[in-house]
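Please look over the sequence and the model below.

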Amino acid sequence: MAEKDKRTYVKVHDGLPDHPKIIEAGGEAGWLYICGLAYASRQLTDGVIPKRLVRRLTDGSNSEASASALVRVGLWHDGEHDCPRCPQAAADAYVIHDYTVHQRSASEVEDLRAKRSAAGQKGGKRSGQSRRAASAAEANREASASAKAKQAGSKTEPETETETEVKEKNSRTPAESSDDPPRHDVERVCKHLATVIEKGGDKRPRITAKWRTDMRRLIDIDDVTPDQAIAAIDWAHASDFWNAHILTPAKLREKFPTLRRQAAAEQRKRGSRPAGPQTAPETLTDEEMTDALRFGTR
């Protein structure tokens with residue numbers, strides 16, 4: 001059996017070549033941007049790239065000029081920058097803008113590797129037990145043709161436990177198997193998300209117990225009102241990027257703070273007060289945040 005691929009990957013949406021910032025920076029700078037993503041993912045730097053390594057990332061004619069172009073259009077920052085959404089770094093480094101929003105962070109990669117290792121060890125143990133059981137059953141079949149021996153020989157166990165199965169086991173809660181009637185506010189937001197996904201051309205998803213549990217946590221634990229959640233769904237599915245990501249209540253809950261910041265920033269850009277990358281996000285009331293999310297709807 002072929003060895004499982006252990007490499008890490010970066011996510012790049014198919015509209016990147018036509019992105020206005022890539023077009024403004026130029027083709028060589030665009031390729032440097034891709035190479036920078038690969039370096040940060042491979043080295044687990046959370047988007048930090050030492051300036052001294054820029055020449056080695058690509059074979060472009062002027063890598064320093066390409067790096068300056070990426071900084072100018074906002075795809076990269078200098079290490080000491082004013083962007084409130086990105087981490088600071090040393091003065092001799094660059095920082096990829098919004099790296100951990102779109103890519104796995106170093107801690108997420110390490111957690112994933114640990115889960116895969118644990119699943120592999122458990123699968124190996126079960127595989128050994130299965131082989132020993134099969135050998136014993138074969139010996140019994142040779143010694144006796146009894147039905148009991150055949151039944152014992154037919155019993156098998158799964159050899160491996162996939163990463164998805166591990167995640168599902170870890171995510172189960174008593175609430176997911178509860179027989180309590182669905183809450184009106186939870187059902188309202190779940191049905192809205194399912195309808196928006198269906199209107200986007202995909203098959204209408206089934207509202208499962210996990211959907212209800214994640215949506216209930218968004219409302220009860222994260223203090224997000226149903227109106228705010230619905231506004232966030234509408235704003236995300238009007239975005240060419242986010243409409244492919246916000247497809248479950250779990251993903252909506254994970255990305256809600258990012259959606260909130262981006263919608264607020266868009267509201268400021270379109271409003272009377274200009275807002276640039278150096279303007280820190282203001283604290284919004286519930287009503288203002290809902291308005292900001294709705295304002296971003298195209």
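Predicted model: local features only at pLDDT ≥ 70, side-chain atom pairs only at ≥ 80, totals over all residues.

Two of the residue pairings can be followed directly. Ile49 has Tyr94 as its bridge partner in β3, and Pro50 has Ala93 as its partner in that strand.

The other pairing of β3 is with β2, again in the antiparallel sense and over 3 bridges. Here the bridge partner of Asp78 is Tyr94. Tyr94 is therefore a bridge partner of Ile49 as well as of Asp78, given that two strands pair where at least two bridges are found between them. Taken together, the 3 strands make an open sheet with the order β1-β3-β2 and antiparallel pairing. Because β1 (48-50) and β2 (76-78) each have a single partner strand, they stand at the edges, and one side of each lacks a neighbour in the sheet. From one strand to the next, the twist averages 30 degrees.

What lies on the two faces of β3? In a regular strand, side chains alternate between the two faces of the sheet. In β3, Ala93 and Val95 are on one side, Tyr94 and Ile96 are on the other, and all of them are buried, leaving both faces covered. Helix α4 (residues 63-73) lies across β2 and β3, and the helix runs at about 100 degrees to β2.

Tyr94 also takes part in ring contacts. A search of the whole structure gives 2 aromatic pairs. In one of them, the ring centres of Trp76 and Tyr94 are 5.1 Å apart and the planes meet at 35 degrees, so the pair is classed as tilted. Since Trp76 belongs to strand β2 and Tyr94 to strand β3, the pair ties together parts that are 18 residues apart in sequence. Trp76 counts as buried because its relative accessibility is 0%; Tyr94, at 10%, also counts as buried. The cut-off behind both assignments is a relative accessible area under 20%.

The other aromatic pair is that of Phe241 and Trp242, which is edge-to-face, with 4.9 Å from centre to centre and 80 degrees between the planes. Trp242 has a relative accessibility of 3% and so counts as buried. Returning to Tyr94, its ring has a charged residue over it: Lys51 lies over the face of Tyr94, at 5.0 Å from the ring centre.

Is Arg261 buried, exposed or partly exposed? Its relative accessible area is 32%, so Arg261 is partly exposed. Arg261 and Arg85 are separated by 176 residues in sequence, while their C-alpha atoms are 8.9 Å apart in space.

The chain as a whole can now be set around these details. The protein chain has 13 helices and 3 strands. Of its 298 residues, 36% are buried. Among contacts between residues at least 6 apart in sequence, 62% join residues at least 24 apart. The chain exposes about 18300 Å², of which carbon and sulfur atoms supply 50%.

Terms used. Residues numbered from 1 in each chain as written. Heavy atoms only, no water. Helix = DSSP H or I, 4+ residues; strand = E, 2+ residues; numbered from the N terminus. Buried < 20%, exposed > 50% of the residue type's maximum accessible area, 1.4 Å probe, protein only. Contact = heavy atoms within 4.5 Å. Areas by Shrake-Rupley, 256 points an atom, 1.4 Å probe, with all protein chains shown as cover. Axes fitted to C-alpha atoms, helices over the stretch in contact; angles between N-to-C directions. Phe/Tyr/Trp six-rings, centres within 6.5 Å; stacked < 30°, edge-to-face > 60°. Lys NZ or Arg CZ within 6 Å of the ring centre and 35° of its normal.
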